[in-house]
Amino acid sequence: MNVFVWIEQHNGTPVAASWEAIGLARQLGDTVTALVLGQGVDDIAQAAIHYGADAVLKADDATLAQVRFEPYVTLIAHLVQQHNPDIVLAAATISGREVLAGAAADVNAAMLPDVIELSLEDGKLSAARPVLGGKVLSVEAVTADGPQFATLRSRAFPMPEPDANRSGTITEVSPVLADDVIASRVESAAELSGQVSLTDASVIVAGGRGVGGPEGFAPVKELADVLGGALAASRAAVDAGWIPYEHQVGQTGKVVSPDLYIAAGISGAIQHQAGMRTSKVIVAINRDADAPIFRLARYGIVGDLFDVLPALAEAFRNRLG
Amino acid sequence: MHVVVIAKNTPDTEATVSVDASGNADWGDKLVVNPWDEYAITEAVLLKGAHNVTATVITLGTEEHAEALKHGLAIGCDQAIRIWDDALAGHDGLAYATAVAAAVNKLGDVSLVIFGKELSDIASDQHIFQTARKLGWNMLGFVAQIEAIDFAAKTIRVSRLTEQGSQVVSSALPAVISVVKDINEPKYPTFIGIRKAARAEIPVWDAAALGLDAAALSSKTAHIRYQALPAREGAVEIIDGATVQEQAEALVDKLLEDKVL
Ligand SMILES: Cc1cc2nc3c(=O)[nH]c(=O)nc-3n(C[C@H](O)[C@H](O)[C@H](O)COP(=O)(O)OP(=O)(O)OC[C@H]3O[C@@H](n4cnc5c(N)ncnc54)[C@H](O)[C@@H]3O)c2cc1C
Ligand SMILES: Nc1ncnc2c1ncn2[C@@H]1O[C@H](COP(=O)(O)O)[C@@H](O)[C@H]1O
């Protein structure tokens, strides 16, 4: 089995879940080829080998500087047609989902999106993925012949240990589309700077309507900072305009799966659960002992978040140094 | 000139779901317009109001999905079309995309195809991106605002969400977009709109009507069964203490003991 893995990167920063995809590719296949597309991506090509790739196909070009649908899909589909891998994997990020789906359409191949389990049975991929707002898993399998595509939900598969002594080949490839035939132009981009990405975060601290206003997020953020975690929110807090939509977790927000999710002043509506149910350990802080979030949580503190969060930040600071 | 919105019904997000021993799921009978599609339909109607374009709402699904079409007609779409063929029963994204792209081509003179961000039930967005490829058009996903659109000059500029933040992107038309909730305030049907929609004739296009043979719609993947989520071990442990500091320390102890951190 030959496995391709698209290594997603933005401005030279690789998406961590791409390494998780390489780790899984090593288990599924005999040879693993990393597709590294971008501009100035030599370090990422090298890192892909350290994480487990045997070979890298590297396209380094100004047309690939930002992830754009047309040039990325066209090039990945072209490489798949040329090399005929058995399996093509990527992280199920916003870009990963669209780029791999597009490439699968181009080569008329089977696609299993956003999976949390993936295995091979008689040469065909079989997967589980959360559906219906994460309330159940759907088990799906490839039935067609030809290359099989799948995207992997962040943090659902183990992160491999990089090995700086690993070696592999790096082959340069050229983009397919010239600049003047690409329909879209990125005119500007606003990055959420200095913040831990929600989908990659191992610790998330989230605030809801209970924080009472924009300034109520201060103790939530303080605890997130002490833990090196990311800041999240319920839709009620986002809709009230207390915090930007990028932080919303839930059915109409981001789906996250950290090791620790601390929910403060969040009742735990089914649509909020859709985004955080697969967190390993959930801690609920709410002054209402009957709030539904306590039915999902491993640990709970019934109390006022404005007392509990600062006390927790203090206790963690003392214990973690 | 034409704007097309693709919309569907999905199970109510509040529905409780149960899975039986043979892997069948029951989510009740209640269907609602896919919450994401409410924004998509509204955007088509807003574009129609601001530009000289026709708005068509299309669903791909069995009869119960006609409700999404009625919703579209009731808030101001000009016409509705339902695509269905038994060959589509497999829920394969690529088959859906092939059928939707064929319908868009059949309508002709379409400048923009609008989808909601994803289906809230199967949580898939794959057919959206695959429709763009089947049409050979550019794709702008997660659009939070259409900043400018010029149907005559065939240009669009949008701001869209990315995993890292947001971007302003300009593109040529025709294009496919998917929209997120920031794009508008969904319109809801009026009594008169609902009555008008109830009387509308909704044509059904099957594979033959789309000029496709059933083989082009065959699934490449199969849904095998549903599976309940692994049960969460144990009930919640409420951390008590004489003071909030004591509670906080006890919780930190537990989390360190469990090696969560
Ligand atoms: C189609 C659809 C999609 C949706 N998508 C999402 C989504 O993506 N994400 C999402 O989160 N929601 C979503 N919702 C909304 C969801 O149904 C809930 O309305 C929302 O999650 C409630 O947010 P909340 O828990 O912050 O607020 P509330 O339900 O009002 O809960 C606030 C909680 O804070 C507690 N509290 C108040 N003050 C304090 C205090 N000082 N200390 C401690 N506790 C306190 C209260 O006891 C209460 O439990 C969606 C809804 C629909 C219909
Ligand atoms: N894989 C799926 N998971 C959950 N619900 C689905 C799935 N596929 C279809 N549905 C829903 O099942 C109902 C019937 O689907 P259909 O026969 O495709 O019209 C609709 O409510 C769909 O939204």
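The lining of the largest cavity takes at least three residues from each of domain 1 (2-181) and domain 2 (203-320) of chain A; the domain bounds come from an automatic or database assignment. This is a predicted model: local features need pLDDT of at least 70, side-chain atom pairs count only at pLDDT 80 or more, and totals for chains, interfaces and linings use all residues. Residues are numbered from 1 along each chain as its sequence is written, chains are lettered from A and ligands numbered from 1 in the order written, and side-chain values use heavy atoms, without hydrogens or water.

**View 1. The largest cavity.** About 570 Å³ of space lies here. A cavity is a set of points on a 1 Å grid over the protein atoms alone where a 1.4 Å probe fits but cannot get out; lining residues have an atom within 4 Å of a point. The lining has 33 residues, with Arg97(A), Gly253(A), Lys254(A), Val255(A) and Lys117(B) nearest the centre.

**View 2. The second largest cavity.** Its volume is about 130 Å³, the space filled by probe spheres set on grid points joined across faces, edges and corners. Of 16 lining residues, Ile6(B), Lys8(B), Phe115(B), Leu119(B) and His127(B) lie closest to the centre.

**View 3. Ligand 2.** In all, 13 residues surround ligand 2 (a heavy atom within 4 Å). Among the closest are His65(B) and Tyr226(B). An N or O atom in the His65(B) side chain is 2.6 Å from a ligand 2 oxygen. A polar side-chain atom of Thr62(B) lies 2.9 Å from an oxygen atom of ligand 2.

Notes:
Polar contact = N/O pair within 3.5 Å; in protein donor to acceptor, adjacent residues only side chain to side chain. 1 Å grid on protein atoms, 1.4 Å probe; cavity = no way out; pocket = protein on both sides within 12 Å on 5 of 7 lines; lining within 4 Å.
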